[in-house]
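Visitor: Hi! Could you walk me through some side-chain pairings in a protein model?
Guide: Happy to, here it is.

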Amino acid sequence: MVCFRSILQSKNQRKKRKIGKIEENEALRQTKEIRATALYQMGIIQLKQAEQETALQSFSMCLKLRRSSYGNIHPAVAAVLQNMGVILLDEKKIARSLECFTESLQIRKLIHGRRHPKVVTSLRHIGRAHQECGDYTQALKYYQDALKILKTPPFHSPSTGGPNNDLIEILMGIGQTQQSLGLLDEAFKSYKEVERLLRRIKPPRRAGLQKTAFDSRIINTLKIMGDLALDMSDMERAMSFFAEAAKLSGKEEDRNLLINTIPPAAAAA
């Protein structure tokens with residue numbers, strides 16, 4: 001009888017120690033999550049304040065905690081890697097940024113499947129990284145992979161009240177890489193599609209928000225198409241784009257700047 005009680009007490013003690021260990025691990029995990037979230041939010045704020053190096057440190061510490069808490073395959077890990085890649089790309093550290101973007105893409109494909117908005121965003125950033133280092137063929141491939149997902153129904157992206165911003169950025173990237181590869185007609189079509197999408201965007205009705213902030217993207221695209229038309233020796237079309245850009249700008253200095261981009265021979269004509 002005494003022996004049975006002793007065995008029972010021993011079992012109860014082991015059970016309590018096991019429960020205590022589980023509770024301790026859970027408390028530790030929650031503490032890590034709180035610290036990781038704080039570091040992530042801090043990194044976002046630092047990034048908005050253009051404190052890239054400090055933000056990168058915050059994201060790096062966050063990444064270690066999130067890997068420890070969630071493992072390597074988790075949306076929170078992919079999000080940190082994505083932000084680290086953006087910072088590294090801005091700092092022209094292409095190889096390291098590609099490592100971050102590629103791992104983030106692999107995680108997102110495993111979690112969300114191959115046709116998801118976050119996968120599109122990762123593909124776009126990889127395309128941009130290749131574009132930055134002059135690998136235009138690879139850049140075009142990733143941009144086109146992203147575009148294929150966006151244009152294959154039934155693809156559902158978050159409702160933003162207008163065209164998908166990823167779509168606009170991808171088409172602009174495609175146009176730039178096509179232009180760099182000498183595919184000028186194709187580039188022109190991509191830029192024209194960007195202009196069409198931008199004109200569909202309705203500025204939100206918020207106090208103090210200037211419509212010119214939205215027109216500036218259209219103006220910039222028109223100027224790009226004007227420069228491209230000049231490269232294609234299409235002076236008439238170039239002048240029409242520059243004139244439209246000047247009209248939207250409404251500023252005399254911008255109008256003069258745009259007119260001055262026309263070669264003297266074309267202006268005389």
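Guide: What follows is a chat about salt bridges, aromatic rings and one serine. This is a predicted model, where local features need pLDDT of at least 70, side-chain atom pairs count only at pLDDT 80 or more, and totals for chains, interfaces and linings use all residues. Residues are numbered from 1 along each chain as its sequence is written, and side-chain values use heavy atoms, with hydrogens and water left out.

Visitor: How many salt bridges are there in the whole structure?
Guide: The search finds 13, a salt bridge being a side-chain nitrogen of Lys or Arg within 4 Å of a carboxyl oxygen of Asp or Glu.

Visitor: Which residue does Asp90 bridge to?
Guide: Arg128, with the closest N and O atoms 2.9 Å apart. Asp90 is in helix α3 (residues 75-90) and Arg128 in helix α5 (residues 117-132), 38 residues apart. Helices here are DSSP runs (H or I, at least four residues), numbered from the N terminus.

Visitor: And what does Arg67 meet in a salt bridge?
Guide: Arg67 meets Glu103, at 3.0 Å from N to O. That pair links helix α2 to helix α4 (residues 94-112), 36 residues apart.

Visitor: Which residues are linked with Arg199 in a network?
Guide: Lys192, Glu195 and Glu244 join Arg199 in a network of salt bridges. Arg199 and Glu244 meet at 3.3 Å, N to O. Arg199 is in helix α8 and Glu244 in helix α10, so this pair ties together parts 45 residues apart in sequence.

Visitor: Switching to rings, how many aromatic pairs does the structure hold?
Guide: There are 2. One of them is Phe188 with Phe241, a tilted pair at 5.7 Å centre to centre and 50° between the planes. Rings of Phe, Tyr and Trp (its six-membered ring) pair if their centres lie within 6.5 Å; planes under 30 degrees apart are stacked, over 60 edge-to-face, the rest tilted.

Visitor: Are those two buried or exposed?
Guide: Phe188 is buried at 11% relative accessibility, and Phe241 is buried at 7%.

Visitor: Last one: what does Ser58 contact?
Guide: Leaving aside neighbours within four places in sequence, Ser58 is in contact (heavy atoms within 4.5 Å) with Leu39, Met42, Gly43 and Gln46. Ser58 is in helix α2 (residues 52-70) and counts as buried at 3% relative accessibility.

Notes:
Buried means under 20% relative accessible area, exposed over 50%, partly exposed in between (1.4 Å probe, protein chains only). Helices (H or I, at least four residues) and strands (E, at least two) are DSSP runs, numbered from the N terminus.
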